[in-house]
Amino acid sequence: MSKQTISRRSLIASTIAGGAAMAASPLMAHEVDNVKWDETFDVVIIGSGFAGLAAAIEAHNAGAKAVVLEKMTAFGGNSIINGGILTATGCPQQKMHKIEDSVDLLEKDILVAGQYLNDKAKVRLLAEHALSNYEWCVKTLGVEFLPDAIGQEGGHSVPRYVTTKNGSGSGIVTKQIEMVKKLGVPMRNRVYVEHIIRDKKGAVVGVQVREGYRFGKADSGKVKYIRAKKGVVACYGGFSADVKFRMFQDPKLSADLDTTNQPGATSELWRETSAIGCLQVQNDWIQCGPWGNPHEKGMGIGWQFNQTAAAEYGIWVNTDGNRFVNELANRKVRADAIMLEQQQGRKAWAIAQGKNVEPLKKQRPGFLERMLKDKIVFEYKTLEDLAKGTGIPYAQLKKTVDEFNECVKNKKDPVWGRYINNDQTPMVEGPWYAGECQPKVHHCMGGLVTNNDCQVLDVMTYEPIPGLYAAGEATGCVHGAVRLGSVAILDCLVFGRIAGEKAAKAKENAA
Ligand SMILES: Cc1cc2nc3c(=O)[nH]c(=O)nc-3n(C[C@H](O)[C@H](O)[C@H](O)COP(=O)(O)OP(=O)(O)OC[C@H]3O[C@@H](n4cnc5c(N)ncnc54)[C@H](O)[C@@H]3O)c2cc1C
């Protein structure tokens, strides 16, 4: 028996009135009456990835009693398995490599890739925080980045990402977790947030959870009610691993496509926030990572060859031996181009030679050897051998390589407009390497609409819902149509921190 009465109101039809100002949304699916709370905190944070942990740190620093709730056994969500590359415009590594960059250029790149579906003010804020966020990671959290490596993901005009020393988002998340623990903020795993509770005035006042939850068993765990006196911060991440839900948004993303995401990247709270009247946008903008490799599951390690060696220094060609896309175009352009090749019966190959793999070897010692051993990437003595091994006609491949070498010589790629790296050398000597490219479902660009204080807006009134904040992949508007690689960490940390602080400073609710 429930300790409270939660009524499901169905006033939708009678009250939808074109979004004019109203006191509260009619869509308060979990409205509260005489809740008997099991526990009370100032701030309840849902999700233990970059965004949730950043929120926890700042909520505590602003004086709030906070708690982090995580449904999975392991903390860290997608963040802890992430590739650890972070946009850091203005960082010392860029200066070391004499790369000219600016806040304005970063802002422009994000907007152009986002096809201007982005919230411009948020993009500006992100770009302005790129350097201070990097410094927060280094100085406050103690994150170690490779001191001399700078990389470039597709859609960025210049190399501007730094990489964690261990080559993973865990290099940041473990430091966040250390900090959260040091501050004494409780982190609870296997606590599934089933409902977000709005009171009669529309304010979010707490959550209904299942403690001791087992992932995949919806009715497992013990139901409890946790009050949030000041705010709930929703940092529940994306839904790329949820085939059914993602196919409602984009029917092309069937189970045939692998995902890079952890299994818990599912949609329950996307549907819950929709049911309680939160404004959401662009949920069908779901990104596939073009650099995935079909011969391993999930993100794996093959992407590091396809991107860091071949896209940045080598070339991508189809089975006919032709380049078919700017290897440094944004992810959507590249994933769409590969899918088009596949629809026409051609594979996409990432190709690099000896010098091209040096940055990868330096950044990730031992990775190339692992890829070769696991047959994710193949090594050949000559270009002719590579052509034989991959089934690409040699004459055309040689012509394509020669043409690319002209681009390198002239530091200009007239056909595809590809950025040519300062330290790019022509592709001449062996050994030669080839890896296949396979797009995998990777990132949800859409989500909750928030204002600059990270307050979630009500779908009927467009006003902030008192007591509900959000950050990270659960939110929309920042990236627009296409998220640029290495910008998600920046987004999650910057807005996670703002959300935590603002929630901590909010007025107490009356629940
Ligand atoms: C393999 C991979 C590599 C990536 N590499 C990079 C990179 O190098 N650079 C970059 O910028 N971006 C990268 N990204 C994107 C980036 O990692 C994500 O966008 C980011 O981690 C999202 O962080 P988050 O805090 O919003 O969500 P997450 O880290 O996904 O955390 C959300 C958490 O909420 C939990 N949760 C969900 N629902 C509930 C519920 N009902 N109750 C309780 N808990 C719940 C989830 O289990 C999860 O642990 C990568 C993504 C993947 C998948």
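Reader: Which residues is Ile177 in contact with, leaving aside its neighbours within four places in sequence?

Author: Leu53 and Phe75. The model is a predicted one. A contact here needs C-beta atoms within 7 Å, and Ile177 has that with Leu53 and with Phe75. Ile177 is found in helix α7, residues 170–183.

Reader: What makes Ile177 count as partly exposed?

Author: Its neighbour count. Ile177 has 19 C-beta neighbours inside 10 Å. Buried takes 20 or more, and exposed takes 12 or fewer. The value 19 lies in between, so Ile177 is partly exposed.

Reader: How far from Val459 is Ile177?

Author: Their C-alpha atoms are separated by 34 Å. Along the chain, the two residues are 282 residues apart.

Reader: Why is Lys411 called exposed?

Author: Lys411 has 11 C-beta neighbours inside 10 Å. The limit for exposed is 12 or fewer, so Lys411 meets it. Lys411 is found in the loop between α15 (394–410) and β16 (432–436). Its C-alpha atom is separated by 35 Å from that of Glu296, 115 residues apart along the chain.

Reader: Which residues of helix α4 are buried?

Author: In α4, residues 103–113, they are Leu106, Glu107, Asp109, Ile110 and Ala113.

Reader: How do you know that the buried residues of α4 line one face of the helix?

Author: Look down the axis of α4. The buried residues fall within an arc of 160°, so they line one face.

Reader: What do the buried residues of α4 pack against?

Author: They pack against β5 (85–87), α5 (120–128), α6 (130–141) and α16 (487–504).

Reader: What is the phi of Gln115, which follows α4?

Author: It is positive, near 50°.

Definitions and conventions: Residues are numbered from 1 along each chain as its sequence is written. This is a predicted model: local features need pLDDT of at least 70, side-chain atom pairs count only at pLDDT 80 or more; totals for chains, interfaces and linings use all residues. Helices (H or I, at least four residues) and strands (E, at least two) are DSSP runs, numbered from the N terminus. The arc is that of the directions from the helix axis to the C-beta atoms. Two residues are in contact if their C-beta atoms, placed from the backbone, lie within 7 Å.
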